[in-house]
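I opened my notebook to look up the pockets, sheets and rings of one protein model. The entries below follow the order in which I looked.

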Amino acid sequence: MTAEGDRPEAGVDPLVAIARRAIETYVRDGIVIEPEAVTGTGPRQAGVFVSLHGPDGSLRGCIGTMQPTRSSVEEEIVSNAISAGTRDPRFYRLAETELEGLDVSVDVLGAPEEVAGPEDLDPKEYGIVVQARDGRQAVLLPDLPGVDTVEDQVRITCRKGGIDPDRDPYRLFRFRVERHH
């Protein structure tokens, strides 16, 4: 970051810079930043996932929204970045000592579309939502390490949502992401 703290260094993705600054400022000072608008980065409102990985590549937090809940994509990033670092129920709150080696990525989601079946999916190209009739659902982002087949993608997503793919009727949705590293 520059001395002003609002503009990323050359070569740093501006959406990732917002997420990183939001996490660092919140973890260090307990302050929620007001992000500046970033031009030329896609939709002004969108669902966003922020993923955090430790220096060894292990997942350290991931929180997102399928649909926008804030007035801008930048505000969506700030909210989800803070949540990924402090409210992901799978992990303890991020410590200030972890900030230096933290890898941050931001996925801006396209609109989900229902598909007829697994033949319309590709785990490298599309994220998926599996939605059971009773409202249970789960989301899996695209192009994740270890998720190489559609069968893997559906099985993992069903497991995340507590959905038994052999017993529970469900619907499949796919979506594209714009990934920022």
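**Entry 1: the pocket**

I looked up the largest pocket and noted about 580 Å³ of space in it. A pocket here is an open set of points on a 1 Å grid over the protein atoms alone, where a 1.4 Å probe fits and protein lies on both sides within 12 Å along at least five of seven lines. The volume is the space filled by probe spheres set on the points, which are joined across faces, edges and corners. Rolling a probe the size of a water molecule over the atoms shows where empty space is left.

I noted that the model is predicted: local features need pLDDT of at least 70 and side-chain atom pairs count only at pLDDT 80 or more, while totals for chains, interfaces and linings use all residues. Residues are numbered from 1 along each chain as its sequence is written, and side-chain values use heavy atoms, with hydrogens and water left out.

Which residues are closest to the centre of the largest pocket? I wrote down S51, L59, C62, L141 and L144, out of 24 lining residues (lining means having an atom within 4 Å of a point). By class, the lining has eleven nonpolar, seven polar and six charged residues. Nonpolar covers Ala, Val, Leu, Ile, Met, Phe, Trp, Tyr, Cys and Pro, charged covers Asp, Glu, Lys and Arg, and the others, Gly among them, are polar.

Strand β6 gives the largest share of the lining, four residues. Helices (H or I, at least four residues) and strands (E, at least two) are DSSP runs, numbered from the N terminus.

**Entry 2: the sheets**

I then traced an open, antiparallel sheet of four strands in the order β2-β1-β3-β8. Strands pair if DSSP finds at least two bridges between them. The edge strands β2 and β8 (177-180) each pair on one side only. Between β1 and β2 I noted five bridges, and F49 stands opposite G64 in β2.

A second open sheet has four strands in the order β4-β7-β5-β6, again with antiparallel pairing. Its edge strands are β4 (113-115) and β6. Four bridges join β5 (residues 127-132) to β6, and V129 has V139 in β6 as its bridge partner.

**Entry 3: the rings**

How many aromatic pairs does the rule give? I noted zero (rings of Phe, Tyr and Trp, the last by its six-membered ring, pair if their centres lie within 6.5 Å).

I also looked for charges over rings (NZ of Lys or CZ of Arg within 6 Å of the ring centre and within 35 degrees of the ring normal). R60 lies over the face of Y92, 4.2 Å from the ring centre. The charged end of R174 sits over the ring of Y126, at 4.2 Å from its centre.

Conventions
Rings of Phe, Tyr and Trp (its six-membered ring) pair if their centres lie within 6.5 Å; planes under 30 degrees apart count as stacked, over 60 as edge-to-face and the rest as tilted.
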